[in-house]
Amino acid sequence: MITIESLREFGADVDTGLARCLGKEDFYIKMVNLGLKDPRFKGIKDELDAKNLTAAFEMAHALKGVVGNLALTPLYEPIEEITELLRARTDMDYSEIYEKIQKNYEKLLSMQS
């Protein structure tokens with residue numbers, strides 16, 4: 001179960017996330033759980049594999065907003081990095097950055113059980 005304490009241990013900026021949710025812990029946790037259901041976490045990988053940098057950028061940019069608003073710093077940082085590289089349409093291997101995203105995403109998912 002995701003808790004305020006487990007999010008702090010994960011490295012989330014819980015105070016900022018809570019402030020965006022008017023200090024309501026239950027609402028913040030609900031929004032984190034909802035954010036983790038975003039299909040763009042998988043979709044970005046599919047677009048990167050297809051070398052569709054425009055679609056990958058759009059997904060990364062949207063995810064950056066989601067995780068940024070929730071102040072999920074360990075997810076936000078690599079998503080911000082990949083978003084800016086994709087914005088510039090940098091032709092490179094994105095697998096290392098994506099793995100950082102996936103690792104932190106899976107860590108959060110494991111907290112749900």
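This is a predicted model: local features need pLDDT of at least 70, side-chain atom pairs count only at pLDDT 80 or more; totals for chains, interfaces and linings use all residues.

Biologist: At what angle do H4 and H6 pack, and how far apart are their axes?

Modeller: Two packed helices are described by the angle between their axes and by the distance between those axes. For H4 and H6 the angle is about 35°, and the axes are 14 Å apart.

Biologist: Which residues of H4 and H6 meet?

Modeller: From H4 come Phe41, Ile44 and Leu48, and they meet Leu75, Ile79, Ile82 and Leu86 of H6. By class, this contact of H4 with H6 consists of seven nonpolar residues, with no polar and no charged ones.

Biologist: How is the pair H4 and H5 arranged?

Modeller: The axes of H4 and helix H5, which spans residues 53–69, come within 8 Å and cross at roughly 155°. Because of that angle, H4 is roughly antiparallel to H5. The crossing of H4 and H5 is left-handed.

Biologist: Which residues make up the contact of H4 with H5?

Modeller: On the H4 side they are Arg40, Phe41, Gly43, Ile44, Glu47 and Leu48; on the H5 side they are Leu53, Ala55, Ala56, Met59, Ala60, Ala62, Leu63, Val66 and Val67. The contact of H4 with H5 divides into twelve nonpolar residues, one polar and two charged.

Biologist: What does methionine 59 touch, apart from its neighbours within four places in sequence?

Modeller: Methionine 59, which sits in helix H5, is in contact with Arg40, Gly43, Ile44 and Glu47. As a guide to distance along the chain, methionine 59 and alanine 71 are twelve residues apart in sequence, and their C-alpha atoms are 18 Å apart in space.

Biologist: What are the angle and the axis distance for H6 and H7?

Modeller: Helix H6, residues 73–87, packs against H7 at an angle of about 150°, with the axes 9 Å apart. H6 is therefore roughly antiparallel to H7. H6 passes H7 in a left-handed crossing. In this contact, Pro74, Leu75, Pro78, Ile79, Glu81, Ile82 and Leu85 of H6 meet Ile97, Tyr98, Lys100, Ile101, Asn104, Tyr105 and Leu108 of H7. By class, the contact of H6 with H7 has eleven nonpolar residues, one polar and two charged.

Biologist: Let us turn to open space. How much space lies in the largest pocket, and which residues lie nearest its centre?

Modeller: Rolling a probe the size of a water molecule over the atoms shows where empty space is left. Here the largest pocket holds about 210 Å³ of space. Its lining has 13 residues, and those nearest the centre are Leu48, Asp49, Asp93, Tyr94 and Ser95.

Biologist: Which helices each supply at least two residues of that lining?

Modeller: They are helix H4, residues 40–49, and helix H7, residues 95–111. By class, the lining of the largest pocket has five nonpolar, two polar and six charged residues.

Definitions and conventions: Residues are numbered from 1 along each chain as its sequence is written. Side-chain values use heavy atoms; hydrogens and water are left out. On a 1 Å grid over the protein atoms alone, a cavity is a set of points where a 1.4 Å probe fits but cannot get out, and a pocket is an open set with protein on both sides within 12 Å along at least five of seven lines; lining residues have an atom within 4 Å of a point. Grid points are joined across faces, edges and corners, and a volume is the space filled by probe spheres set on the points. Helices (H or I, at least four residues) and strands (E, at least two) are DSSP runs, numbered from the N terminus. Ala, Val, Leu, Ile, Met, Phe, Trp, Tyr, Cys and Pro count as nonpolar, Asp, Glu, Lys and Arg as charged, and the others, Gly among them, as polar. Axes are lines fitted to C-alpha atoms, for helices over the stretch in contact, and angles run from 0 to 180 degrees between N-to-C directions. Angles under 35 degrees count as roughly parallel, over 145 as roughly antiparallel, 65 to 115 as roughly perpendicular and the rest as oblique. A crossing is left-handed if the near helix is turned anticlockwise from the far one by less than a right angle, and right-handed if clockwise. Contact means heavy atoms within 4.5 Å.
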